[in-house]
Amino acid sequence: MQHPQAHATFSIEEGNGRFRVARSTYTDPALHAAEMEAIFAKCWLFVGHDSELPKPNDFATRKVAGRPVIFLRDRAGAVRCLLNVCPHRGAQVCRQKKGSAKLFSCLYHGWAFENTGRNINIAEPGTYHPNFNEPGSNAQSNDLVPVPRFESYRGLWFLNFDAQACSLHDYLGNAREYIDIVMDQAVEGMRVVGEMQEYSARANWKLLAENSTDILHVTTLHPTYLDLVKTNSAGTMVRGKVLGKSIDLGNGHAVVEREASYGRPIAQWIPMWGEEAKVEIDGIYARLVKDYGEGRAKRMATSARNLLIFPNLVINDIMSVTLRTFQPAAVDYMEVSVWAVAPGEEVGKPALARRLTNFLEFLGPGGFATPDDIEALESCQRAFAAAREAPWNDLSKGLGREPDATDELPQRVFWLQWRDRLMQRAL
Amino acid sequence: MSLLASLTRPEAEDFLILEASLLNEWKLEEWRALFTEECRYLVPNMNGDPYAPPESSLYLIADDGHHLTERVKRLGKKTAHAEYPRSRTRRLISNVRFLERGAGKVKVESSFITYRSNQGVTDTFFGRHEHCLVECDGALRIEEKRTILDMEALRPQGRLSIIV
């Protein structure tokens, strides 16, 4: 069913260079419910990274689109994603955040499951009909339910609640090239460092989707971060005109790629890191040139990328590499989870410490920039209370020309996909 | 006898109360002066080991002396948007005890509740601080402050824009 309001939420006048989105899209509970069906029950959604489950039987529980899931590596080493709900009476069969388990046993009535999902125990089995748990009868209904689709690309695991969805490979499409350029930076594979940070924002989830590929706001919202970069780089990194471009990758995905105006662990040196680090970073750069040639090496090392995989995965290869996903918990509240990822070969080396320092300087709830992003998103959400009288958000910048890095192309790409999804025209 | 060797529990508590009052009053440069030049201010990720090395594990905040000075500079600016207008805050410090008394260093643990009010919302942060105190030019100084949050996640607080 097409949502009747999806049409009325846009005001696009190409001739006047206008692209506007109704503020009710961030506040209307009916649209929120429609999104949960048309987007979150149909799109590929990020669950976690391969390296979070290093050993057989490792598991992590999390929420994806509101559903409780267990992201795990089973006893045979296969990565799986099971719905964390007992087939019997519905309690969560695992209530630990993470750990290692060969079995999950429900606290309520003791039904138990292998980490493949297979049922191995029910309560008082002798009291059931003889065929109840016989193979070939309805025994499968006693197993934990896996998510309908679960596929990975370069260590990133995604689920899809729509069994008929296209493959993850096709869904990512042109975005794969940009995932590759991040993952190729590692010789020993990209790995999650430590644990994920979990925070939130009292704002609609789409505000963070827009924000994550928005380079325009950096000079106004993050001057205190730019001051820090200037200090750290002894004045060698001063933000001028941002040189780069915004690219529509199809399927609602978009990327902004531009010259990085800060030090990068791979591989752009700044004076604060010292002469020893310069030697190390020159070595990393030489390896990239050897493996990928001068052009791609330079792009990997000195350009930054903000990539949005529709609807709610951000891969930002900026002053550090971060994965960020955000779950709409209510129309005006989202839960954010972020991971720091680093090449496996950096473990135990000063390079990893530089990467983490770079991360914390900008990113996360204690960074010099992210708290201001959250403040901006929450400020929008508060002000959208005036949506009836001041109904439109403007995303027109760069309309009708070759979009540069600070144009609002990625936001328009996101919104057009949102519209297509709610009107059921996308794949 | 040195200041540190004779330090009593109530004196340590008084020091923490002074620190909290400077933060409540947004006297951040004076607060920074309570630390040694080469100090650490650490807020571990609540999902991990609170003592994991910050060089190889993702923290929420892992400032060295330079970054702490820069953090104080940032919070003094009107462009630190998350804290301008400034939050109203109140820090309660309690359950103060010594964890270690070594030569030239004492480690003090305290429990805290911090309230932050801004833009119509009040958030609560709670947990424990571990202060490593040293003596510097005849005064107590913080060599390391580790703030270990007890909340499961920063939800719904969303940010650590204040020094909790």
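Predicted model: local features only at pLDDT ≥ 70, side-chain atom pairs only at ≥ 80, totals over all residues.
Residues count from 1 along each chain as its sequence is written, and chains are lettered from A and ligands numbered from 1 in the order in which they are written.

**Chain B on its own**
- Chain B has three helices and six strands; these are DSSP runs numbered from the N terminus, with helices being H or I of at least four residues and strands E of at least two.
- Reading from the N terminus, the order is α-α-β-β-α-β-β-β-β.
- The C-alpha trace of chain B spans about 50 × 30 × 30 Å along its principal axes.
- Of the 164 residues in chain B, 35% are buried, meaning that 20 or more other C-beta atoms, placed from the backbone, lie within 10 Å of a residue's own.

**Where the chains meet**
- On the chain B side 30 residues are in contact with 33 residues of chain A, a contact being two C-beta atoms, placed from the backbone, within 7 Å.
- β2 (61-64) and α3 (65-75) of chain B are the elements that give two or more residues to that side.
- That side of chain B has 14 nonpolar, 10 polar and six charged residues; Ala, Val, Leu, Ile, Met, Phe, Trp, Tyr, Cys and Pro count as nonpolar, Asp, Glu, Lys and Arg as charged, and the others, Gly among them, as polar.

**A sheet in chain A**
- Four strands of chain A make an open antiparallel sheet, ordered β6-β5-β4-β7; strands pair if DSSP finds at least two bridges between them.
- β6 (79-83) and β7 (98-100) of chain A are at the edges with a single partner strand each, so one side of each has no neighbour in the sheet.
- β4 (residues 58-64) of chain A pairs with β7(A) over three bridges, and A:Asp58 sits opposite A:Ser100 in β7(A).

**Domains of chain A**
- An automatic or database assignment sets the domain bounds: domain 1 is 45-151 and domain 2 is 173-389.
- Their C-alpha centres are 35 Å apart.
- Eight residues of domain 1 of chain A are in contact with nine of domain 2, and β3(A) gives the most to the domain 1 side, with three residues.

Key: Buried ≥ 20, exposed ≤ 12 C-beta atoms within 10 Å, placed from the backbone.
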